[in-house]
Amino acid sequence: MKKVLLAALLLGCFVQFTFAQDRTISGTVSSSEDGGPLPGVSVLVKGTTLGTITGIDGEYSISLPEGKNIIQFSFVGMVSQEVVVAESNVIDVTLDPDVKALNEVIVTALGVSRDERSVGSSIQSVDGDKLSAVREPNLVGSLAGKVAGVQVIGSSGAALGGTQNIRLRGINSLGGGSPLFVVDGTPIANNSFSPDNDGAGRDYGNLASDINPDDIESVSVLKGPTAAALYGNRAANGVILITTKKGNKKKGLGVDINQSTSFENVYILPNYQNEYAGGYTQDFLTFNYDPAIHPESWSSFDGQKMLNYAADESWGPRMDGTPVRHWDSWLPGEQFGELRPLVAQPDNVRDFFDTGITVNTGVSFSGGNDEGNFRISANNISQKGVMPGSELTKNNLSFNGSQKFTDKLNVGINFNYTGTEGLGRPASGYTGRNPTNSFNQWFQRQIDMDRLRQYKNPDGTYRSWNIRSPLDARPLYWDNPFYEALENAPEDRRDRVYGNISVGYQFTPEFKVTGFVRSDFYNQKIEDRIASGGLDLDFYGVSQRFGKEDNYEILLQYDKTFGNLSLSATAGGNIRKNIYSYLYEGTVGGLSVPNFYNIDASVDRPTTDSYKQNKTVRSVYGSASLGYQNTIFLDATLRNDWSSSLPVANNSYLYPSIATSFVFTELMGSSDFLSFGKLRLSYAQVGSDIDPYEIAQVYEVGTPYGSFPNLGVPNTSPNPNLKPALSSSYEAGLDLRFWNGKLNLDMTYYRNNNKDQIMTLTVPGSSGVTGAIVNAGNIRSEGFEVSLNGTVLEKGNFSWDMALNAARNTSEVVELAAGIDNRQLQSAYWGMTLNAKVGQPWGTLIGTGFQYAENGKPVIDEDGFYVQQTNKELGTTLPKFTGGFNNTFRYKNWDLTAFIEFQGGGQFYSVTKMFNNYSGLGEETAGLNDKGNPVRDAVADGGGVRVDGVLEDGTDATIYVDAYDYYSSLFGMHERWIYDASYVKFRELRLGYSLPASLLTKTPFHTANIALIAKNLWLIHSNVEGLDPSEFGVGANGYAYFESGQLPGVRSFGFNIKLGL
Amino acid sequence: MGLLAGSILLTSCNDFGDLNTDPNRPSNPLTSGLLTGAQRSVSSVVGDATSVLYAQQLSEKQYTEASRYQTIYFNFNDFYSGPLMNLQRIIELNTNEETKGDVLSSGSNENQIAVARILKAYFFATLTDRWGELPYTEALKGELDFSPAYDSQEFIYTDLLKELKEAAAQIDPGTAAVEGDLLFDGNMESWRRFANSLRMILALRISDVSPQAAQTNFTEAYSGGILLTDFMYPYLGEANNQNPWYGRYLTRVDYAISDTMHDYMKPLNDPRLEVYADTTASGKGIVPMPYGISNAEAGSITNADVSYLGMAMREQGAELPILTTAQLEFSLAEAALKGWISESAEDHYLKAIESSFRQYGVYTQAGFDAFVAQPDVAWSDAAGIEKIGYQKWVALFLQGFEAWAEWRRLDYPALAPATAALNSSKEIPVRQAYPTTERDINTDNYLEAVSRQGEDGLDTKLWWDVK
């Protein structure tokens, strides 16, 4: 579209007339970027003043005087070409973009498109078509590894639309914080509907996943406060600025079709032991017939070998083929009374999961003329998950249009609708609702998954492997996983609309005023259920959330060039209104009519929650950018916010930013080697406020007793003296382009000081409150980002492009409140905590660990058990570096994209691993010990786990400990279950083929591309077996420092067809 | 220029009216609601499971870690920020001249303050018997003191006894009774008697270490009039206010009658045993669960082959004892034995057992007579403490904190630690350790308390536990 605009501008500049003589040369000029025609290209006969420009279809015709045979083609932003005229009178030319000229515009704050050279802060832009080679449906997920300084904390594909959390430049507020998402100037919500704190529950995804990736023209990542200062108090963690596709004049009808189908399979599971069955000891139980309590027909069972069905651990008898009574042999059916051999079921967990299918179909129509343009798109994603019974459907509709009513008055509209419907979204975390939690932590290894598939008895009751005893088939701790997945499937539905209407008036060529009305709202309903007849009380709960944000904005823009000096200024005002409401009802005491899922079925008074929240922020802001000779630019911004949630005395706050950009190659002259160089320096401040209702004393309303109301003093004491928090940021960057842009290097250093954080300080509960909201502290994030991209090789029909980016960030807790040197951020299962500790990186893991003697060996007691040290620092959660590496190869019509993402450092705590071994499911709990004896055999028989350590009296000792006792003793020994979160992941692979134009001539299509795509192809490197450290996106806050019952990793293969009409 | 214009247009920018007034939580305190809230927390004392395990009244069935003293650090924050803060606020609102007139719909100022003081004493007594030294004088001050210092247990006990004495005297039956009172339904006389009864229990607790103060408080309280009926927590037959044992058995079967309890009661043909325990699912009568064995051993015992907590104790609306007449009678028997009161120790001892029989609905004259006639039960002055120790332990069934405290004080019954104990000393805990938040964020005061009291573990004896 920018080409169209430029063409229009240039129309007035080149008024060159041609004189018909001798020979007429004609042809079409097109762009190498998209193959489309280039209008407005200057065509000049070298050594003359004879010239013309190409028409709207890129065609030209020029007379070549006698003796002249070179034609020059030039166009702003493209590399000029000279063509020597030979025999043919038809010369078609393809122009390449001129990277050196760097006239690429990028979208900056407030949606203002600016020449990249004038921008003095770090903004990294990704084109929509480069976001994901494999049609990742969640925008956030597709940013992983694509932009330096972005850390995505993903979730397993098994979660079906699960939350993907994003961090920009580490941690910039005590509670983490995520960037602001802005679509075409409209801030949109990115709340996550996933379980908080302990991470147990169902994940309904993050709201930014409502954006249809096919609608995205480009994503600009405004990384720090400098770039984002104009967005105000929510931009302290950066801004993800999304520009959607607009209509333009193009070849063909302007219809694009994008279809892909892919198949997902579980591929990451822990390694299980396959030697021992369920139980606590290796001895079989024996059925003893007792006529007093057993039916007479059972007398023949007397003496049969049984398993301990009540156990949810796997320390039982060897799976050596001995005929035993399996759990189902006590249940009605033809298998009743069967003795079957006890054999290993190595794939039982894998067998539980289905093959998922994702069908993603999008179509868009676009068009335009000089007065206006439009684009309409529709997209449908239908998914069937790997978790049995899970389904997700997502429908997008969007419309973008703009129309010029006069030369000066332009009206635009942007409308987006997303409807999401989910069924049976899987639970994750440490909960009975999560079958993976059972399989990996509390299970019996000999279970034949196919025998659980029939999860109902003929009388409608449910069957579980975990029966209490032969006489009592009720489940003890665990329901049948199929019952869990299929009968307790929740339903959810979300309708989301966002967009804006704008009216712009161009008073003079320099001065323009635009008004915007923007809105974003969603309505989310979640219905949760527990079917009657299971282990837990039957239940129905329904929640409805409504969130809305309206923005009323006015923007004044002034652009003028005075000789060598250019000025670009904006001023604006905005009123933002947020509304949020939440309604919840849940049955209590069970359902009065079995499987009647309605609040009316509540046996006791249902729990209810009705919550609403209002907030308004008013803002004025302005910016000015001065340029000198297109070489030095100076930017300044100023913004003042008034927030309704702060105390009146402190609710107004002003903050500035200043940035400079210096294109030094303009002074030293560019060479073939260094064709462009720019230095950036900037400083900015951003103020932030708080959630509403935190400054006045109120009382909590609790569950009533009969008709007595129940009030409570809140656990957090309010603070009537809060003031805005302030982040300041320094940034310096260098942008270098070599060999005419064949290789581009961008480096940025930044340092953010996030002061006066508004935080809920954990205070001693004995004060009567457990938290106090205060302004305090400083978190300093500092880091270095580098991106390198370019064309490695270009020869004939072959090209190889690569893009590498990496970032190193440290976020240090410089200061907390006076007298406080540690703040517990969260507590995971069994005492492991995440902390902000003064003088340390944010995210210190503290828990119980080994005590080490001077020689480095652990201290053990005389029985060989490790002596514990509590309150020990065990690691830090933030990675040392993150990055991605993308390679695209093209040969003739073939294209191959391979994308690898990586992360180094950071630690996490694995509850899965702890119980996987505690309960004897894990591979390491079986096999032989160093003596060559089964590790599970009695110590007296040469078995046991070898423990090398130092006794408390200082002497070295080697003691063999019974395997069951050994792993039991490691419960709560957090240090043993801390793992390094580094990984290298082959995320995306695409092999595409564009049908040659010759094949398409007889079809209505002008472009056609088919591709094979693969996602999460291979976890190339990880320091923890059986888990994927890139998929800990459980928990709305995205702390990602522990996992428990993580859903298995999923790999997908599919194909993609793109057609242009 | 634009900025300037904008500023002028938006001069009243900082005025948002009442937009920031919380619509979700009332700012107006209804003190009767605060009292109900505090009283609901009594359930977390009378429904506690860990202390019942310490006292070996019940055994865990399969996952036996709590019976084996795995947990060292216990959290008291919920008591402070929950009921205690509510009660403190009731006292403040009824004391402050600006607010005391606004809260009269919930009862007279004096009566509200008195009830709040009594309940505060009840909670603090439970807490100090678990942890020993506690933030007390400097506690509950909210943002005025985020690092409250600890007081010695001696100080706390002295003050609790004083509070109970003053609160009993403060009750004014001539003025409006308290509202929101789910425990005594506004019966101010019952509150007065509860204050005296609790004062008696607390006085007896310190009798080994501070006999003079113990005697004075005990006799004063006794003469003031004590509870005549069992004081029970009234659970409702609905899930929001149900008996916690009912909730525990909804999805799991974790608690069975312990062999310790069973093996003492069974030979005496104690009729309460059939209330305390159900018969096994496999029809083998009452079969106890061995106490404190490993998970592996416990898990190998078939679920159908052990007796779980008696159904009557875990029905959804089943009441649980807060303070019983049996408890008071045992206390009086002990006081008589000490010569504090000139009444018959034996009479009170028998009355205590009778009260307990009646509490569990198993009293018949013949059955009672036969029971107390047995040599192991029959009173003797010489073995008075031992007799009281055993029978009180049986009577305090499910009153875990009280049973555990009295075991520590009387050293009866003779309990052997869990065979597969997980704590380092392998002994039965005699206190619980402070929540780690105290160590981490109230560090100086915590360290001072630990240096006075002794190591912050399960084995440090409390001030009153001198024997």
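With 18 C-beta neighbours inside 10 Å, A:Trp830 counts as partly exposed, a class that lies between buried (20 or more other C-beta atoms within 10 Å of the residue's own) and exposed (12 or fewer), with C-beta atoms placed from the backbone. The model is a predicted one, in which local features need pLDDT of at least 70 and side-chain atom pairs count only at pLDDT 80 or more, whereas totals for chains, interfaces and linings use all residues. Residues are numbered from 1 along each chain as its sequence is written, and chains are lettered from A and ligands numbered from 1 in the order in which they are written.

A:Trp830 is situated in the loop between strand 45 and strand 46 (833–837) of chain A, and its phi is near 55 degrees, a positive value in a residue other than glycine. A positive phi, again near 55 degrees, is found for A:Arg135, which belongs to the loop between helix 2 (128–131) and helix 3 (139–143) of chain A. A:Arg135 is buried, with 24 other C-beta atoms within 10 Å. Helices (H or I, at least four residues) and strands (E, at least two) are DSSP runs numbered from the N terminus.

Chain A contains 12 helices and 59 strands, and its C-alpha atoms fill a box of roughly 115 × 70 × 65 Å along the principal axes. Buried residues make up 50% of chain A.

The contact between the chains, in which two residues are paired if their C-beta atoms, placed from the backbone, lie within 7 Å, takes 74 residues from chain A and 70 residues from chain B. On the side of chain A that touches chain B, the largest share, nine residues, comes from strand 34 of chain A. The residues of this side divide into 36 nonpolar, 30 polar and eight charged, where Ala, Val, Leu, Ile, Met, Phe, Trp, Tyr, Cys and Pro count as nonpolar, Asp, Glu, Lys and Arg as charged, and the others, Gly among them, as polar.

Helix 2 (residues 31–40) of chain B is largely enclosed by the rest of the structure, because 10 of its 10 residues are buried. These residues pack against strand 38 and strand 39 of chain A together with helix 3 (42–46), helix 5 (77–95) and helix 6 (109–131) of chain B.

Further along chain B, the axes of helix 17 (residues 384–395) and helix 18 (residues 400–410) come within 10 Å and cross at roughly 165 degrees. The two helices of chain B are therefore roughly antiparallel to each other, a term applied to angles over 145 degrees. Residues making this contact include B:Ile385 and B:Trp393 of helix 17 and B:Trp407 and B:Leu410 of helix 18, and by class the contact has six nonpolar, one polar and two charged residues. In the loop between helix 18 and helix 19 (436–441) of chain B lies B:Pro413, which is joined to B:Tyr412 by a cis peptide bond with omega about 0 degrees.

Technical notes: Axes are lines fitted to C-alpha atoms, for helices over the stretch in contact, and angles run from 0 to 180 degrees between N-to-C directions. Angles under 35 degrees count as roughly parallel, over 145 as roughly antiparallel, 65 to 115 as roughly perpendicular and the rest as oblique.
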